[in-house]
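Please look over the chain below before reading on.

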Amino acid sequence: MDSVITIPALGDNFIYLYRYNQNDSLAVDPGDGSSVLGAMKKHGLNLRMILVTHHHWDHVAGAAGLKRKTGCKVIGADRRNIPGVDSVVADGQILPAGERKVRVIATPGHTRTSVCYYMEPSAGNENGILWTGDTLFAGGCGRLLECDAQAMTNSLQRLASLPDDTLVYCGHDYTLENYEFASGIEPGNQIVKERLDRVRQLQARGKLTVPSSILQEKRTNCFLRAGTPELKAALGMPHSTAVEVFAELRRRKDIF
Ligand SMILES: [Zn+2]
């Protein structure tokens, strides 16, 4: 069975190695090449491919060096700003990774050319895997640096439409802060409170808060729930649209 190796790096980034074909791997958002090389050595892996979700340095800084050392291919959606990119991908494109298929999902919002990578289930791997970069976080979403609230809302809703049991691997460990924010927005929401307690327990034990799942995000992530009557009521915006509520949530989170 394939497996995911999570590499915490650069303070609060998550880099991932996905292992397939016994000793092959792909890396997602290698902001720090040396920690990827260390993990490859520890697990005896070859690097075949790098998937880049967006052009920010903390997601790409290790890519060119890893490509030089391993001969791997660098995949991304931005030719100008991703160093060493070999293949510029677009929405709907399918990439093979061993027996599995990786589908590119364009998710403008955090940046104009942000993409997520969805690894479809396969024989022996019943859960899909979603690499979300800085678009969807466990309990949160990325800042709107190059797009508006409408674009990000559309992107998040596309991700929310993936199967409930899809495993979500995001680009940063902001989970605790995200649920502290969410429970301040909805102090009476028991599901959010339980999630916050659980995240605190995990972190106290030195455990990771990834992966999340699409179901968990749909139930507890306020940015995915911006269109619900509960969220509208919590913000005192009963007659506003989902996008307006999302924009207000994002504004409050930016100064949280
Ligand atoms: Zn970013």
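Is Ala 27 buried or exposed? Ala 27 is buried, because its relative accessible area is 0%, where buried means under 20% relative accessible area, exposed over 50% and partly exposed in between, with a 1.4 Å probe and protein chains only. The model is predicted, so that local features need pLDDT of at least 70 and side-chain atom pairs count only at pLDDT 80 or more, while totals for chains, interfaces and linings use all residues. Residues are numbered from 1 along each chain as its sequence is written, and side-chain values use heavy atoms, with hydrogens and water left out.

Ala 27 lies in strand S3, residues 24-28; helices (H or I, at least four residues) and strands (E, at least two) are DSSP runs, numbered from the N terminus. Not counting residues up to four places away in sequence, Ala 27 touches Tyr 16, Leu 17, Val 36, Leu 47, Met 49, Ile 50 and Leu 51, contact meaning heavy atoms within 4.5 Å. Ala 27 and Val 52 are 25 residues apart in sequence, and their C-alpha atoms are 8.5 Å apart in space.

Phe 137 belongs to strand S11, residues 136-137, and is buried, with a relative accessible area of 3%. Its C-alpha atom is separated by 8.4 Å from that of Asn 178, which is 41 residues away along the chain. With residues up to four places away in sequence left out, Phe 137 touches Gly 142, Cys 170, Gly 171, His 172, Tyr 174, Asn 178, Glu 217 and Asn 221.

**Helix packing**

| Helix pair | Axes | Crossing angle |
|---|---|---|
| H5 (residues 175-185) and H6 (residues 190-204) | within 9 Å | roughly 155° |
| H5 and H9 (residues 242-254) | within 11 Å | roughly 120° |
| H1 (residues 33-43) and H3 (residues 63-70) | 8 Å apart | about 40° |

Angles under 35 degrees count as roughly parallel, over 145 as roughly antiparallel, 65 to 115 as roughly perpendicular and the rest as oblique. H5 and H6 are therefore roughly antiparallel to each other, and H5 passes H6 in a left-handed crossing; a crossing is left-handed if the near helix is turned anticlockwise from the far one by less than a right angle, and right-handed if clockwise. On the H5 side this contact is made by Thr 175, Leu 176, Tyr 179, Glu 180, Ala 182 and Ser 183, and on the H6 side by Val 192, Arg 195, Leu 196, Val 199, Arg 200 and Gln 203. The residues of the contact of H5 with H6 divide into six nonpolar, three polar and three charged, where Ala, Val, Leu, Ile, Met, Phe, Trp, Tyr, Cys and Pro count as nonpolar, Asp, Glu, Lys and Arg as charged, and the others, Gly among them, as polar.

H5 is oblique to H9 at the angle given in the table, and the crossing of H5 and H9 is right-handed. Here Glu 177, Asn 178, Phe 181 and Ile 185 of H5 meet Leu 249, Arg 252 and Lys 253 of H9, a contact with three nonpolar, one polar and three charged residues.

H1 and H3 are likewise oblique to each other. Gly 33, Val 36, Leu 37 and Met 40 in H1 meet Leu 66, Lys 69 and Thr 70 in H3, and by class this contact has four nonpolar, two polar and one charged residues.

**Nonpolar cores**

A nonpolar core is a set of buried Ala, Val, Leu, Ile, Met, Phe, Trp, Tyr and Cys residues joined through side-chain atoms within 4.5 Å. The largest has 32 residues, of which Leu 130, Leu 156, Phe 223, Phe 246 and Leu 249 touch the most other members. Strand S9 (115-119), helix H4 (149-160), H5, H6 and H9 each give two or more residues to this core, and H4 gives the most, with five residues. Apart from it lies another core, of 25 residues, among them Ala 97, Trp 131, Tyr 169 and Cys 170.

**Backbone details**

Most residues other than glycine have a negative phi, and most peptide bonds are trans. Leu 10, in the loop between strand S1 (3-9) and strand S2 (13-20), has a positive phi of about 55° although it is not a glycine. Leu 10 is partly exposed, with a relative accessible area of 39%. Asp 29, in the loop between S3 and H1, has a positive phi near 55°, and at 2% relative accessibility Asp 29 counts as buried. The peptide bond from Val 210 to Pro 211 is cis, with omega near 0°, and Pro 211 is found in the loop between H6 and strand S14 (212-213).

Methods: Axes fitted to C-alpha atoms, helices over the stretch in contact; angles between N-to-C directions.
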